[in-house]
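Please keep the sequence and the 3D view at hand while reading.

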Amino acid sequence: MAESPGLLCVHAHPDDEVILTGGLLVSTAERGLRTRVVTCTGGEEGEVVGAGMDPDEVRSRLAEVRLAELTHALEILGAGLPHMLGYRDSGMVGTDSNADPSSFWRADFDEAVGRLVAHIRAFQPDVLVTYDAYGGYGHPDHIQSHRVALVATEAASAGLLYPEAGPPWRTPKVYLATIPRSAVVAGSQALTARGLPSPFGEVEDPADIEMGVDDDSIGAVLDVAPWMERKWAALRAHASQVGAESFFLNVPEDIRGLVFGREYFVRHRSEVGAQAVEEDLFTGLVP
């Protein structure tokens, strides 16, 4: 039996843990609760945009570079050491990397589930977080992380499945990190009102947004503004991926809270009861 309630986040690439759940991770760690991140791929297909980096030189060892960055970011967030699922970054659909048999997108599904089951049983989380069904913005590795995580969460509780992965463990609460489409519109309009480019273009109707979910699907909203500096420091730790032109680093400070100050989740499963919209993923687990 685990010594205290724990949070396990399942992410696709190094840096995803900060963007979607950085505030959740650092705030959970500050409460003295256990935190861990499983990263499914090494992020080999990421861009190399870091200041002073030679893309041609860094590209051949990008997985090594990104692992070091992930280690630093997790230290800042209080989320322990990296735990890797062991697959290669798939890149986007239609690319050569997406056809690579060692990529996560092409992985044997049963094998991938078994690997994650071992992580779940070893850590024994009370809360597990992964992506929504579209993976946020449709990246194949995000979608695969969603699929593998949800199946592994159920399989981990069945002792006859993957017996070599350790004793069974049932995770009481499972959430999907996402963003309501209305928040995408609000953030985009705040940027364009300041004459700044929005990665989503000029949008007014949430129905025109492909990513995210409808507002009534949101089961938890976390105010992470008190941990923004730690979240930002962890993001900057991913130096190869965060250049001078990065959208994240160029949001004006006075609207940064609107754009990044909340983290949103669909409540996929809760076995301890839940409010309509929670402000704490550990509701029902921790007084």
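The buried residues of helix 8 pack against helix 6 (181-193), helix 7 (228-237) and strand 7 (262-270). Helices (H or I, at least four residues) and strands (E, at least two) are DSSP runs, numbered from the N terminus; buried means under 20% relative accessible area, exposed over 50% and partly exposed in between (1.4 Å probe, protein chains only). The model is predicted, with local features requiring pLDDT of at least 70 and side-chain atom pairs pLDDT 80 or more, while totals for chains, interfaces and linings use all residues. Residues are numbered from 1 along each chain as its sequence is written, and side-chain values use heavy atoms, leaving out hydrogens and water.

- In helix 8 (residues 253-260), the buried residues are Ile255, Arg256, Val259 and Phe260.
- These residues lie on the same side of helix 8, because they cover an arc of only 130° around the axis, the arc being that of the directions from the helix axis to the C-beta atoms.
- Helix 7 contains Ala234, which counts as buried because its relative accessibility is 0%.
- Apart from neighbours within four places in sequence, Ala234 is in contact (heavy atoms within 4.5 Å) with Val18, Ala73, Ile76 and Leu77.
- Ala234 and Ile19 are 215 residues apart along the chain, and their C-alpha atoms are separated by 9.3 Å.

- An open sheet is formed by 7 strands in the order 3-2-1-4-5-7-6, with mixed pairing; two strands pair if DSSP finds at least two bridges between them.
- Strand 3 (83-87) and strand 6 (220-223) are at the edges and have a single partner strand each, so one side of each is left without a neighbour in the sheet.
- From one strand to the next, the twist averages 25°; axes are lines fitted to C-alpha atoms, and angles run from 0 to 180 degrees between N-to-C directions.
- Strand 1 (residues 6-11) and strand 2 (residues 34-41) run parallel and are joined by 6 bridges.
- Opposite Leu8 stands Arg36 in strand 2.
- Strand 2 is mostly covered, with 7 of its 8 residues buried.

**Nonpolar cores**

- A nonpolar core is a set of buried Ala, Val, Leu, Ile, Met, Phe, Trp, Tyr and Cys residues joined through side-chain atoms within 4.5 Å.
- The largest such core has 31 residues, and those with the most contacts inside it are Phe104, Leu116, Val117 and Ile120.
- At least two residues of this core come from each of strand 1, strand 2, strand 3, helix 4 (109-123), helix 5 (140-155), strand 5 (173-178) and strand 7.
- Helix 4 provides the largest share of this core, 6 residues.
- Beyond neighbours within four places in sequence, the contacts of Phe104 include Cys40, Leu85, Tyr87, Ala112 and Val148.

**Cysteines**

- The count of disulfides, each a pair of cysteine sulfur atoms within 2.5 Å, comes to 0.
- The closest cysteine sulfur to that of Cys9 is in Cys40, 12 Å away, which is too far for a bond.
- Cys9 counts as buried because its relative accessibility is 0%, and Cys40 counts as buried because its relative accessibility is 1%.
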